[in-house]
Amino acid sequence: MSRAGIVRALIFFGLLTALPFAVTEHWIVNLGVFTLIYAGLASAWNLVGGLAGYPSLGHAAFFGAGAYAEAIYFQHRDVGANGLLPFFALPVIGAGVAVLGLAVGWIAMRTRSDVFAIVTITLLFVAQTLAFNLNSLTGGSQGIGLPGAPFDVDSYERPFYLVLVLLLAVSMGITWAALHSGAGLSLQAVAADEERARGIGVHVTGVKLLAFAVSVGIAGMIGAVWAYYVTFIYPQFAVDPLITIGMVLMAYLGGRGTLWGPVLGAFILVPAQQYLAYQYGATQLYLIAYAAVFLLIMLLLPRGILPSVGHLTQRRRVVMGRASAEPDQDAATTGVGADGGVMVR
Amino acid sequence: MLDCNRMQRFAPRRRAAAIALVVVTSMLTATACGSSHGNAAKGPTTLTIGISLSLTGDFADPGKAAERGYQLWANTVNAKGGVLGRTVNLKIVDDASSPNQAVSNYQNLINRDHVDLVFGPFSSLLTIPSSAVVNRYHYAFIEPAGGGPAVFAQHLHNLFFVQPAATVQGGMVFADYILSLPADQRPKTAAYPSLDDPFAAPIADAVRQRFEAAGITTVYKSIYPAETTDLSPIIAKVAAAKPDVVVAGTQSEDAYADVRAMIQLKWAPKWLFLSNGANSPVDFPNAVGLANTEGIFSSGDWFAGSTASGSAAFIAAYTKAYGGTADQIDSTSAEAYSCGMLLEEVAAKTGKVDNATIISTLHSGTWPTLEGNLSWDSSGTPQGSYLLEQWIGGKLLAVYPASRAEHPPVTEPLAWAGK
Amino acid sequence: MHTVIQALILGVLTGGVYALMASGQTIIFGVMKVVNLAQGALVIAGAYLSYSLFTSFGLDPFLSILITTPALFGVGAGLQWLFLRPLREEDRAELSLLVTFAVALGIEGVLSVTYKTTYRTIQAGYADRSFSVGGYQISAVRLYAFLLSAALLGLLYLVLERTKFGRAIRATVQNPESARLLGVNARVVAAAGFGIGAATAAAAGSVYGLLYSFNSGSHYDLISRLLSIVVLGGLGSIGSSIVGALVMGVVAALVAALGPPIWSDFSFFIVLLAVLLLRPRGLFGASLRGAL
């Protein structure tokens, strides 16, 4: 990472961490919690959907698996006097979901591209059905409740918020490493041309399974935090195609395959949606308008905001004759997908 | 009643649509029509009540019915000079049928806009996460539509469910009626096909336990998933078991599908109780044909012929404001309207409308509403009972208990029996 | 045994209708290599069109197909022209998933504004009629629906095999490059292929409205089934999607009849996953490049 990149990361996470201490308004921190949930998910999704070029539509299944693991374990247990036990369970939940992801990925990743997308969305429905049907475990259609956190009312949201910042940092850290390491290069080779990657000696199966497992493991941990935050989960809300669509859309909006793109997408979409939905209510036309904007993004910014902006600035530099322009877009534009065609088979 | 829990998992994926995406339209409409609900102007002359409702997404239809009820009450009470002289100002926000948005909405209402009071959203599934937030800030939570077991399992002292009884009690009144028959006229065997839904299967299950205790043999029971569009195989098995009575835990379209499958199979039980769906005065006959409704039982809380306190005035105001006939009023509107009635009654009795007063006052005594006279246990469970309804002569009539009935129950073969 | 046969009858009849929907999906995939997530929404749009024609003019859904199929052919071709054609070839496979999903949302939005979200059914006079054959109940409307689907699939086969247009489509499916060299206008074929896919959705929609209650959100349930069917078949040919549809219909009906109904749809997804485990390209994946 360039120095500018490090500074940028430090400033971003510094400000993010300071926010719940500087601002005590519950509704703002609450908004921060939901934004971070999606930022973390979009970033995690990006590892497999952006970097490895496997457009998973099934990540919500793993988000739900994490949520259920947390809820099932803690529904009749004490969360500890300080209420932090459910957070200490996260690494275990993450590892468990990652192992599950290995098994699922082993089946699903035998297919590619659009078939992979279909298979993963099928998995999503399988997971939702399981959540409904295994009712002795999951509470089925009755849902499952968690004990409320015993946090101080005045700073109730803060612990959730900080844990989510940490998870986002983990996800972005791994993304950064993947963009700059040997494993990351292998991943990019897989995205570019799987057969050729295999031909030049990349452990294709291992690399992409690892990416999938890490990605869904993070999604599972975020799901667990979410479950503890909302205190009641239900199959339809925990294993929700909406969550998948949300993370995919945010990654596409900001720029898939880039370090900052998915996060940018989440920081634009979540607050906009929550604030405007609250402030102005909604009309009958929202679906149509949503679809219209969705289509516009896809048609006009098929690569997302960051890569498109990156292209523009690079072009300007060329025009201005600054041949020595430092690549300070760093991972934002030099990653896979920055030049659009890389991921396409 | 159950109407208001018409929680459909039938299209779980529909929520994908209800996404954060309210965004765009909101942007468009924000400039076009400005804020439709106005700002929460706070002051001694107004009483601002914050409500999160599903105006889009899965629960949009019942959500809008609740909105009509709330708004009608506010207009009515303001025409009379408001509550304790304060003009009621409703701040209704959309949760797009999403629990995340509902949680955020109550956060915003309470901590950002500092509303004086809050009322509940639509469906237990949104009521539960919302009630945790509302409880944290010690607001009273008068809610019209969250009656599932998980709501009361939280044991929240500030919560009041504004329907006659917990939702799982929906079939009890049918059990009461059947067991009130002379022993030789009761059914001997029963079947219980149910939808896997928090407001369907538990209702049939509660009836089954009563029936089994009374010696009625269970010959068939099963739970089918919400995605089931085709109930023929299940009804075929029900028919093969030849039960005298079918107690179906249904929501809406599975109720219609049950009836249609029975008609296609040319088989009818002697008694047919559909916990929900059949209590819709307009949609049910549209879906199965008016002639086929004859004799089918369901249950409900408020209905057009209700003699509950204020019902006639409610119907008159509703039809004046929104048009249509009394039969077309969704009972969800009456439930929401009743929330406001409770508030008015507390204000009249105590001269105060602060949250602590509301909570302590509602916990003592009995309160007349469109839903009947309500009282609650310490967890917010209402202590009354639903009404048994039956389709007679093409109309949905209250038939039991006799004290509140418009017509005695009719026992004749169902319309398609023996054809 | 009676139950099993009754379930088999039901499964085959249901599978026939899904075969019609899935064949449209397959054609679209064939000519454009696009997985159309809007296929379910188009089916529901067709159902609503039929519903309107039925309630306003009393037009029988089986007749209104003559109106709805051309209408949706136009809609489908238009959608392709507006939203899929502009996608660059190398982005298309991936972006088309999102674009067609957005189209599905848009259709759902239009339908929910027009018709609200109340569930509808088309209550034709024969909707509740049924035949008894050897002790088995066969619902009239299901039988008609099956026969119609079979007839339309036959028609589709004839169009593809016997007409110049059909040959152009098949040539495009097999090899777009050489098709172009042979003078086939790839853009027109792509739009028309999408149009045909939408038209089959319209026909299937009319039937769907007779069989089931639906609202604007019903397409999510449909699309997950349709996707599974075509993946099971291997995205290869109309024939393989018919087999996929019949497998789905029969498996779901059998499990519903014999086992706990809550596992009925689930069982089909398990079959799908098992097939993918053994044959990642689906039952007939080998014929991926084959003719439609």
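Mentor: Happy to! Keep in mind that this is a predicted model. Let us take helix H4 of chain B, which runs over residues 124-136 and has 13 residues. From its first C-alpha to its last, H4(B) reaches 18 Å, close to the 18 Å expected at 1.5 Å a residue. Still, H4(B) has a kink of about 30°, and the kink is centred on B:Ser130.

Now look at the surroundings. Eleven of the 13 residues of H4(B) are buried, so the helix is largely enclosed by the rest of the structure. Among the buried residues are B:Ser124, B:Leu125, B:Ile128, B:Pro129 and B:Val134. B:Ser130, where the kink is centred, is also one of the buried residues. After H4(B) comes B:His138, and its phi is positive, near 60°.

Chain B also touches chain C: the contact takes 33 residues from chain B and 29 residues from chain C. On the chain C side, the elements that give two or more residues include helix H1 (2-32) and strand S2 (136-139). H1(C) gives the most there, with four residues.

For a look inside chain C, find helices H2 (residues 39-57) and H3 (residues 61-84), which pack at an angle of about 135° with their axes 9 Å apart. H2(C) and H3(C) are therefore oblique to each other, and H2(C) passes H3(C) in a right-handed crossing. Their contact includes C:Leu42 and C:Phe54 of H2(C), and C:Pro61 and C:Gly76 of H3(C).

Technical notes: Residues numbered from 1 in each chain as written. Chains lettered and ligands numbered in written order. Predicted model: local features only at pLDDT ≥ 70, side-chain atom pairs only at ≥ 80, totals over all residues. Expected span 1.5 Å × (residues − 1). Bend = angle between axes of the 7 residues up to and from the residue. Buried ≥ 20, exposed ≤ 12 C-beta atoms within 10 Å, placed from the backbone. Axes fitted to C-alpha atoms, helices over the stretch in contact; angles between N-to-C directions. Parallel < 35°, antiparallel > 145°, perpendicular 65-115°, else oblique. Left-handed = near helix turned anticlockwise from the far one by under 90°. Contact = placed C-beta atoms within 7 Å.
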